Amino acid sequence: MAIHDGDRIVYLVTGASRGIGLEYVKQLLERGDSVIAAARNPDNSGGLTTLAERHESQLTLVTMDVADPASIKAAATSISEAFPGGIDVLINNAGISGNLVMSSEQDEDEFRDILMINTLGPFLVTKAFLPLIRKGSKKQIVNISSGLGSIATAAQYLNGGASKHGVLKGADSPMARRQLGYRASKAALNMTTVALAVDLQEEGIILIAMCPGWVDTDMGSGTAGMLGVAKPPLTAPTSVAMQLKVVDGLTLEKSGTYFNHEGNIVPF
Ligand SMILES: NC(=O)c1ccc[n+]([C@@H]2O[C@H](COP(=O)([O-])OP(=O)(O)OC[C@H]3O[C@@H](n4cnc5c(N)ncnc54)[C@H](OP(=O)(O)O)[C@@H]3O)[C@@H](O)[C@H]2O)c1
């Protein structure tokens, strides 16, 4: 049990202004945990300000742009002052998906931005908050990845094949030729997860990559039209409730695993 905020477990969630991140914050607060919600502009998030009114003693808002190393450092400094006992669980959730152009048409500047936000950002956040995670009791880091980062799945489309692991198990082929920047960023995030899991295992620190499923958020709904459905199959509340069951059940032996929201292992 964490003792740094009374008896509450302390979670830090990035990209907490909306979508999956905001839902993590909401569910963690509702079950009584202490939450640090990091967002580029926390005061502009109606969801966060409403939760702050309802759960004043449990919720801390902090400004953090994961694409800006100075912003990450400033957030780590202020949180280490506010939580000298450390934090227990870091959820690296912030992310962008980029445009749905064919992979061969991926824009260079956008590719760079995606890598910064989805890959380097979570690494820099992890590095900046490691001293606080080392002090925490749970020592868990959840990197929100995507099934689209699975190289094993992507390679199944070669020679006219169809995916056996994708969200729609083969029917998602219109997506297979798109979103190179996003896929590469999540594949690199997966390697970052495994590399750090190996490096930090002897310290008892657990890292996993988590695919939340195809979720009805601003990002998730962007691909619905292309796949011929009205909206993604999962709501954020359902996905996050399922993810939390996986996270709650983590042990050191599971460190380095690429899970989906159902707790199944996704092939790298
Ligand atoms: N939805 C899906 O189907 C799906 C599937 C697989 C994986 N994922 C992953 O799940 C995570 C959350 O996605 P979502 O569906 O909730 O997307 P979303 O609704 O578009 O929300 C994205 C969140 O990331 C934040 N963000 C973007 N750039 C940031 C930056 N530079 N610094 C800090 N925060 C930043 C956004 O903040 P602002 O409000 O400031 O823009 C927002 O809070 C992402 O990592 C995504 O790749 C989603």
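Helices here are DSSP runs of H or I with at least four residues, strands are DSSP runs of E with at least two, and both are numbered from the N terminus. Hold on to that for the whole talk.

This is a predicted model, where local features need pLDDT of at least 70 and side-chain atom pairs count only at pLDDT 80 or more, while totals for chains, interfaces and linings use all residues. Residues are numbered from 1 along each chain as its sequence is written, and side-chain values use heavy atoms, with hydrogens and water left out.

Let me start with Asp248. Asp248 sits in helix H9, residues 236-248. Its relative accessibility is 39%, so it counts as partly exposed. The scale is this: buried is under 20% relative accessible area, exposed is over 50%, and partly exposed is in between, with a 1.4 Å probe and protein chains only. Which residues does Asp248 touch, leaving aside neighbours within four places in sequence? Tyr11 and Arg31. Contact means heavy atoms within 4.5 Å. With Arg31 there is also a polar contact between the side chains, at 2.8 Å. A polar contact is a pair of N or O atoms within 3.5 Å; within protein, one must be able to donate a hydrogen and the other to accept it, and residues adjacent in sequence count only if both atoms are side-chain atoms. Trp214 is 34 residues from Asp248 in sequence and 21 Å away in space, C-alpha to C-alpha.

Now the sheet. It is open, has seven strands, and pairs them in parallel in the order S3-S2-S1-S4-S5-S6-S7. Two strands pair if DSSP finds at least two bridges between them. Neighbouring strands are turned by 20° against each other on average, direction ignored. Axes are lines fitted to C-alpha atoms, for helices over the stretch in contact, and angles run from 0 to 180 degrees between N-to-C directions.

Ala38 stands opposite Val62 in S3. Two helices to note here. H1, residues 19-30, packs on the sheet and touches S1, S2, S3, S4 and S5; its direction makes about 165° with that of S1. H3, residues 69-82, packs on the sheet too, touching S2 and S3, at about 150° to the direction of S3.

Next, the ligand. Of the 28 residues around it, Ser17, Arg40, Tyr182, Val215 and Thr217 come nearest. Here, near means a heavy atom within 4 Å. A polar side-chain atom of Thr217 lies at 2.5 Å. A polar backbone atom of Val215 is at 2.7 Å. A backbone N or O atom of Asn93 is at 2.8 Å. Alone, the ligand exposes 890 Å², and the protein buries 92% of that. Those areas come from the Shrake-Rupley method with a 1.4 Å probe; for residues, only the protein chains shown count as cover. Which helix gives the most to the shell? H8, with three residues.

Last, two loop residues. Gln179 lies between H6 (173-176) and H7. Its phi is near 60°, positive in a residue other than glycine. At 3% relative accessibility, Gln179 is buried. Ser97, in the loop between S4 and H4, is in contact with Gln179, among others. Ser97 is buried as well, at 19%.
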